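Okay, thanks everyone. Could we have the structure up on the screen, please?

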Amino acid sequence: MITLDMVYDAQKTLKGVVRETAMIHANKINENLYLKSENLQLTGSFKLRGAYYKVSTLTEEEKEKGVIAASAGNHAQGVALACTRMGVKSYICMPAYAPLAKIEATKSYGGEPILVPGTFDDAALEATRLVEEKGYTFVAPFNDEKVIAGQATIGLEILEQLPDVDTIVVQIGGGGLISGVAYAIKQLKPECKIIGVQTCATPSMAASREAGRVVKVEDASTIADGIHVLQPGDITFDMCEQYVDEIVTVTEDEIAVAILTLMEQQKTVAEGAGATSVAAVLAGKVETKGQKVCCIVSGGNIDVTMLNRVITRGLITTGRLTELTTKLVDKVGALQDMLKIITNVGANIVNINHERESIRVEVNGCLVHMILETRNVEHQERLLRELREAGYVIF
């Protein structure tokens, strides 16, 4: 089993290889909030820590045969870079849905991606098959004691940078990160609370904890692809049972708001999985009053096309973009009258579509669809209320 000596050995091995990432006081978001910025790690996520330490412990024979891993993207990059630096050939089974940016990054670090249809679990099964067929050494993304020890070095750094921390919030996919961090923290500062965060879409560790055993949840789409794991490992489950105080879940909208908030308030880019810890705080699922709370921002490898969609969703969720459709009588001045109300409220038109020929309206009517910039939810509600009071039906 993992030991504190193993964690310190990992820290020594990783010295000069990984960055000691900054601890940022995110007082613009919350006076008591601190960010452990693993999104600024080499390869853009914490995964390099566990991958490098694991590969460093392989025998020369294992290194000679080559390494294989299964990953949605971040572990892939960590394994690829670790193997390249140690002169080992690496193959990475990745879900076909993995962001193109992560696939290309894996190639750039020297890994050879093998795209597998389906989920991460399908990629893991293919990697297992190739281990038997080719004799590769499998580097697990989370259910491995050496990998967990590597991730645990984040816990050591947090205590060095923020020794009076009260609560640490950690995202959970398969559980490698939180297992390592929780183990290190509870050995050195047992009174510190460890809170895990999963998506409502695939809360595999939360469901396993509720069941009292490892279970597999049904697949669902999520913008947090880095923690899109349907079944945690047995090692990580046992460690979470022992060292994690609580697990909460966040919605897709809450994650989108967190990504947007980190960009606007802290000028930092987080991927969906990386922002889930902050999402839990923003959604009021973690107590911050009178507590020093550290959120691990675990990764920043978000595809730019996805980022654009996430920002839009975040703006809609926070009431800063308002989309509405209404009917007008097709007569001179009808549109102008409605626009006067919008102008007086202080909303700004981003896009407007005036449709005179539609099966959805009467012969003498027209359909107007608009996207508006509003300040917040209260401003949005005022706009819709004044339009309805003026007789407009909003749908």
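So, the sheet: four strands, open, in the order β5-β4-β3-β6, with parallel pairing. Pairing here needs at least two DSSP bridges between two strands, and the helices (H or I, at least four residues) and strands (E, at least two) are DSSP runs numbered from the N terminus. At the edges sit β5 (112–116) and β6 (137–138), each pairing on one side only. β3 and β4 run parallel and are joined by 4 bridges, and I68 stands opposite Y91 in β4.

Now, α4 packs on this sheet, touching β3 and β4, and its direction makes about 175° with that of β4. Those axes are lines fitted to C-alpha atoms, for helices over the stretch in contact, with angles from 0 to 180 degrees between N-to-C directions.

A word on the source: this is a predicted model, where local features need pLDDT of at least 70, side-chain atom pairs count only at pLDDT 80 or more, and totals for chains, interfaces and linings use all residues. Residues are numbered from 1 along each chain as its sequence is written, and side-chain values use heavy atoms, leaving out hydrogens and water.

Back to α4: 10 of its 12 residues are buried, so the rest of the structure largely encloses it. Buried means under 20% relative accessible area, exposed over 50%, partly exposed in between, with a 1.4 Å probe and protein chains only. Among the buried ones are H75, L81 and C83. The buried residues of α4 pack against α2 (47–56), β3 (67–70), β4 (90–95) and α5 (100–108), contact being heavy atoms within 4.5 Å. After α4 comes G87, with a positive phi near 70°.
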